[in-house]
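The following questions and answers go through one protein model. Each answer works towards the value or name asked for.

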Amino acid sequence: MDNTSYPVILTLMVPKESKLYRHVYFICFLALYVLILSINICLVVVIIMEKALHEPMYIFLSHLCINGVYGASGFYPKMMSDLISDSYLISSHMCALQIFVIYSSLLCEFTILTVMSYDRYVAICKPLDYHSKLTKFTCLKLILFSCIVPTISVFTGTLLSNLNPLCAYHVDKLYCDNWSVVKLSCASSFVNNVYGYIVAVIFISFVVIIIVSYFKLISACKASLENRRKFWQTCLPHILLLINFTFAVLFDIMYSRYGSNDIPESLRYFLALELVIVPPIFNPLIYGLNIRAVRQRVASRVHVSRAPKRCKT
C-alpha cells in the first residue's frame with residue numbers, strides 16, 4: 001500500500017483499562033492541559049505587561065513558555081479526543097503533524113536552554129558587557145536560531161519517514177514518534193537511521209555547550225558572594241531540569257530504537273508521558289516563578305485582578 005497518495009489510518013497504543021477509566025483519564029489529561037496553559041500563558045502575559053521584565057533573560061523565558069504550550073498542544077487535544085471517542089486512530093498525515101509538533105518542541109527546548117545558558121554566562125561572568133553583547137537584535141537572532149534549527153531538523157526527519165510505504169499500521173505508543181513510524185516502513189531505514197544519529201549528535205553538542213557554560217559559571221561564582229547567590233537562584237534549578245530532560249529524551253530515543261516488550265507497560269506509559277508532562281509544567285515553575293522578580297510581579301497581578309472594584313459615586 002502506498003501511503004504517499006492518500007492518508008493511511010494508523011492505530012495508537014490503547015491506555016491500560018481505558019474502557020473502565022477513560023473518563024478518569026480524560027479528566028486528568030484535561031486538568032494537566034489546563035494547568036500547562038494557565039501557568040505558561042500567565043507567565044508570558046506578565047513578562048509582556050511588565051516593562052521591568054523586558055530583559056533578555058525574561059524574553060527567552062517567555063519563548064520557553066510559548067514552546068511548552070506549542071508542544072503540549074500537539075499531544076493533549078488528540079489524547080483527550082481519543083479518550084472521549086474511545087477510538088485510538090490517526091491518519092498518517094496527522095501522525096506526521098503530531099511528530100513534527102511534539103519533537104520540534106522537544107528539540108527547541110534544547111536550543112532555548114542553550115541560549116539561556118549563554119545569557120546567564122554573560123550576565124554573571126561578564127556583567128559589564130551584558131547589554132552590549134545581548135542587544136535586541138542579538139536576542140532576535142538567538143530566538144530565530146532556537147526555532148529554525150529544531151524546525152528544519154524535525155521537518156527533514158519527518159519527511160524522510162513519510163516518503164516510505166508502510167507495511168504495518170500500529171504505533172506502539174500513546175502518540176506518534178518518528179522512529180515508531182520508520183519501523184512500520186517496508187523500505188530500508190538506513191537513511192533515516194543515519195540522519196537520526198546526526199541530529200542526536202547535534203543536539204547532544206548543545207547539552208555539552210550548556211554544561212561547559214555552567215562549569216564556567218561555577219568557577220566564576222567562587223570569587224563573589226553575589227555571583228554565588230545568582231548561581232544558586234537562577235542556574236542550579238536549570239541544571240537539575242536539564243539533567244532530567246536530557247535523560248528522558250535519550251531514554252525515549254533508545255527505547256524507540258532498541259526497546260523490548262519485556263519492559264513493564266506502566267513504565268512505558270510513564271516514560272512516554274514524561275516528555276509531554278514534565279517540561280511544560282516545571283519549566284515555568286523552575287525557570288520563571290523561582291525568580292523573585294517574576295514571582296513578585298505575578299503575585300501583584302493576581303492580587304490586582306482579585307481586588308474588589310469600587311463603585312463610582
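Q: In this predicted model, is T111 buried or exposed, and what is its relative accessible area?
A: The model is predicted. Buried means under 20% relative accessible area. T111 falls below that cut-off and is buried, because its relative accessible area is 0%.

Q: Which helix holds T111, and which backbone oxygen lies 2.8 Å from a polar atom of its side chain?
A: T111 belongs to helix α4, which covers residues 92-125. A polar atom of the T111 side chain has a backbone oxygen 2.8 Å away, and that oxygen is from C108.

Q: Which residues does T111 touch, not counting residues up to four places away in sequence?
A: Contact means heavy atoms within 4.5 Å. With residues up to four places away in sequence left out, T111 touches F145, S146, P150, F203 and F206.

Q: How are the rings of F145 and F206 arranged: stacked, tilted or edge-to-face?
A: The ring centres of F145 and F206 are 5.8 Å apart, and the planes make an angle of 85 degrees. Planes over 60 degrees apart count as edge-to-face. The aromatic pair of F145 and F206 is therefore edge-to-face.

Q: How many residues apart in sequence are the parts that the pair of F145 and F206 ties together?
A: F145 sits in helix α6 (residues 136-162), while F206 sits in helix α8 (residues 190-221). The pair therefore ties together parts whose separation in sequence is 61 residues.

Q: Is F206 buried or exposed?
A: The cut-off for buried is under 20% relative accessible area. F145, with 32%, is partly exposed. F206 has 9% relative accessibility, so this residue counts as buried.

Q: How many aromatic pairs does a search of the whole structure find, and why is the pair of F75 and Y175 edge-to-face?
A: The search of the whole structure gives 11 aromatic pairs. For F75 and Y175 the ring centres are 5.5 Å apart, and the pair is edge-to-face because the planes stand at 80 degrees.

Q: Where in the chain do F75 and Y175 lie, and how many residues apart are they?
A: F75 is in the loop between α2 (56-73) and α3 (76-85). Y175 is in the loop between β3 (170-171) and α7 (178-182). Both F75 and Y175 are buried. Their pair links distant parts of the chain, 100 residues apart.

Q: Which residues do ring pairs link into a cluster with F75 and Y175?
A: The cluster is joined by ring pairs and includes F75 and Y175.

Q: Which helix gives the largest share of the lining of the largest pocket?
A: The largest pocket has a volume of about 650 Å³. It is lined by 30 residues, and G196, V199, A200, I253 and R257 are the closest to its centre. At least two lining residues come from each of α4, α6, α7, α8 and α9 (225-258). The largest share, 9 residues, is supplied by α8.

Q: What is the volume of the largest cavity?
A: A search of the whole structure finds 3 cavities of 30 Å³ or more. The largest cavity has 14 lining residues, with G71, A72, S105, L275 and P280 nearest its centre. Each of α2, α4 and α10 (265-289) supplies at least two residues of this lining. The volume of the largest cavity is about 110 Å³.

How values were computed. Residues are numbered from 1 along each chain as its sequence is written. This is a predicted model: local features need pLDDT of at least 70, side-chain atom pairs count only at pLDDT 80 or more; totals for chains, interfaces and linings use all residues. Side-chain values use heavy atoms; hydrogens and water are left out. Rings of Phe, Tyr and Trp (its six-membered ring) pair if their centres lie within 6.5 Å; planes under 30 degrees apart count as stacked, over 60 as edge-to-face and the rest as tilted. Helices (H or I, at least four residues) and strands (E, at least two) are DSSP runs, numbered from the N terminus. Buried means under 20% relative accessible area, exposed over 50%, partly exposed in between (1.4 Å probe, protein chains only). A polar contact is a pair of N or O atoms within 3.5 Å; within protein, one must be able to donate a hydrogen and the other to accept it, and residues adjacent in sequence count only if both atoms are side-chain atoms. On a 1 Å grid over the protein atoms alone, a cavity is a set of points where a 1.4 Å probe fits but cannot get out, and a pocket is an open set with protein on both sides within 12 Å along at least five of seven lines; lining residues have an atom within 4 Å of a point. Grid points are joined across faces, edges and corners, and a volume is the space filled by probe spheres set on the points.
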